[in-house]
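Please look over the model below before reading the points.

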Amino acid sequence: MTNNTPLTLYNTLTRKKEVFKPINSEKVTCYSCGPTVYWYAHIGNLRAYVFTDVLRRTLEYNNYTVQHVMNITDFGHLESDADEGEDKMTKGLKREGMAVTMNNMQKLADMYTNAFFTDLQRLNIITPEITPRASNHIQEDIQLIQQLERKGYAYHTDDGIYFDTQQLADYGKLANHQQTEEKAETYSRVQHTEKKHQRDFALWKFNNNLGWDSPWGYGFPGWHIECSVMSTQYLGQPFDIHTGGIDHIQVHHTNEIAQSETAYEMPMAYYWLHNAFIQVNSSKMAKSEGNILIMNDLIEKGIQPLAFKYLCFTAHYRSELNVTDQSLAAAQRSYYRLKDILVECMEDDSEFDSDMADKYRQQFKAAINDDLNTAEALAVVWDLIRSDVPDSLKYYLVEEFDQVLGLQLTEPESFDVPEEVQELVERREQFRQEQRFAEADQLREEIKEKGFWVEDAEDGPKLRTLPSHSQRI
Ligand code: AMP
Ligand code: ZN
């Protein structure tokens, strides 16, 4: 490759795009805040992991080896960023009608951790090298809190141990708190009388019934401490990249930095990357709106997980992405069109010009190395597909680009259609010809239950695979 466009990434910490320079010239260390496994991941959460996957694959495309850690939060984690209220795992237990015990919390966590890994697999997301569970790191959490206590940064209140943020001159540097300073509600919605400052956060919370023993009493670690502990334990400090959704900038990542940098007196990580949110029909996705979508909901709509991944790539990871039935269907059409064209390209084995290959390769690399501009990278793929270069070259290059996109673009969908499904497809087509659309729709549902989706192409119905009902999680 002649042109070597350097990889640039937008760093929330410095508020600008920077040329990426890792601590070790070959191996990149990356930590991503993982899911709280109290329910299925929703498509907003999944966008965060589609983003970290393309980040990881881009680093590999730039010849780095990546050591990626993503934690699994399997206890605690309050609904809001505050330290008060009921935690998500307890809410999850109540929702499932399970008694609130530590044992059941583990059962619930196991169930939804499995579901989460199934989602990652469906999205062809490379599983991070290390996926530690928070509940396996309580002793290390306690040690870190003790270290902060020894240094004089921790104090007691009636309900826990808190971090004294007023002792840090640069507290809030990630979120640029100086500029939004003293908006107390940013930190905590509930006035806590014993806290020295509203923004001080819990390192340990007392609980008489649940949790673990500690030098301060029974209870739970605060929810920021696990990421400080697990990132340092598996990656060292400082490490290269820390990722998460933008909601983590103000509180969670700010407090991770406060803990880790106070304890070890060195930077926690050099590059802080954050993905923007998904909206559904232009509204915030929220329980109160009743519009939370999970992967199973997309499958119910006949949307392939990888078509959703394709949709994620049509927007930059730092822009909001609006998901609608129309945008999902349009992404799926483009995705399958691309795959169908590539199946045809596979047949061709003619020679091609390597200069021509370099031209497209440079364009693709320039796009993806520009702070992971996936929309531009997809545009390069389409330019190539529409060009008059030999099909063999199209196939060869897309196969290479797909190492970054992870869309399985050159993997033909090979499947056997059971006879009963074939019969349903034929009967449905018959109904369509007779304009008996309600009956045709009914059959489409039956076909979907069996794990197939019918697409009505110009040259007749085409079958695609979907997880069948029995395989849905
Ligand atoms: P949680 O399980 O709540 O800790 O969230 C897991 C990840 O998903 C975090 O990185 C969040 O910042 C991210 N996230 C949560 N909601 C959304 C959303 N609507 N769109 C994009 N990312 C989100
Ligand atoms: Zn975290």
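1. Asparagine 281 sits in the loop between strand 11 (278–280) and strand 12 (283–284); strands here are DSSP runs of E of at least two residues, helices are runs of H or I of at least four, and both are numbered from the N terminus. The phi of asparagine 281 is near 50°, a positive value in a residue other than glycine. Most residues other than glycine have a negative phi, and most peptide bonds are trans. Asparagine 281 counts as exposed, at 53% relative accessibility (buried is under 20% relative accessible area, exposed over 50%, partly exposed in between, with a 1.4 Å probe and protein chains only).

2. The model is predicted: local features need pLDDT of at least 70, side-chain atom pairs count only at pLDDT 80 or more, and totals for chains, interfaces and linings use all residues. Residues are numbered from 1 along each chain as its sequence is written, chains are lettered from A and ligands numbered from 1 in the order written, and side-chain values use heavy atoms, with hydrogens and water left out.

3. Glutamine 408 also deserves a check: its phi is near 50°, a positive value in a residue other than glycine. Glutamine 408 lies in the loop between helix 13 (391–405) and helix 14, and is partly exposed, with a relative accessible area of 24%.

4. Which peptide bond is cis? The one that joins glutamine 237 and proline 238, with omega about 0°. Proline 238 belongs to the loop between helix 6 and strand 9 (239–245).

5. The zinc ion (ligand 2) is coordinated by Cys33 (SG), Cys227 (SG), His252 (NE2) and Glu256 (OE), at 2.1 to 2.7 Å. Donors are N, O and S atoms within 2.8 Å of the metal (3.2 Å for Na, K and Ca); water is not among the atoms, so sites may look incomplete. The angles among the 4 donor atoms run from 71 to 132°, and the site is irregular. Four donors count as tetrahedral if all angles lie between 85 and 135 degrees; four count as square planar and six as octahedral if opposite donors are over 155 degrees apart and all others between 65 and 115; anything else is irregular.

6. The spacing of the zinc donors in sequence is C-x193-C-x24-H-x3-E. Cysteine 227 is in helix 6 (residues 225–235) and histidine 252 in helix 7 (residues 249–264), so the pair ties together parts 25 residues apart in sequence. Both cysteine 227 and histidine 252 are buried.

7. Helix 15 (residues 437–449) has 13 residues and reaches 18 Å from its first C-alpha to its last, close to the 18 Å expected (1.5 Å times one less than the number of residues). Its buried residues are Ala440, Leu443, Arg444, Ile447 and Lys448. Seen down the helix axis, they fall within an arc of 145°, so they line one face of helix 15; the arc is that of the directions from the axis to the C-beta atoms. They pack against helix 8 (295–300), helix 14 (419–433), strand 14 (452–457) and strand 15 (460–465), where contact means heavy atoms within 4.5 Å. Glycine 451 follows helix 15, with a positive phi near 95°.

8. In helix 11 (residues 354–368), the buried residues include Arg361, Phe364 and Lys365. Their cover includes helix 1 (43–61), helix 12 (374–386) and helix 13.
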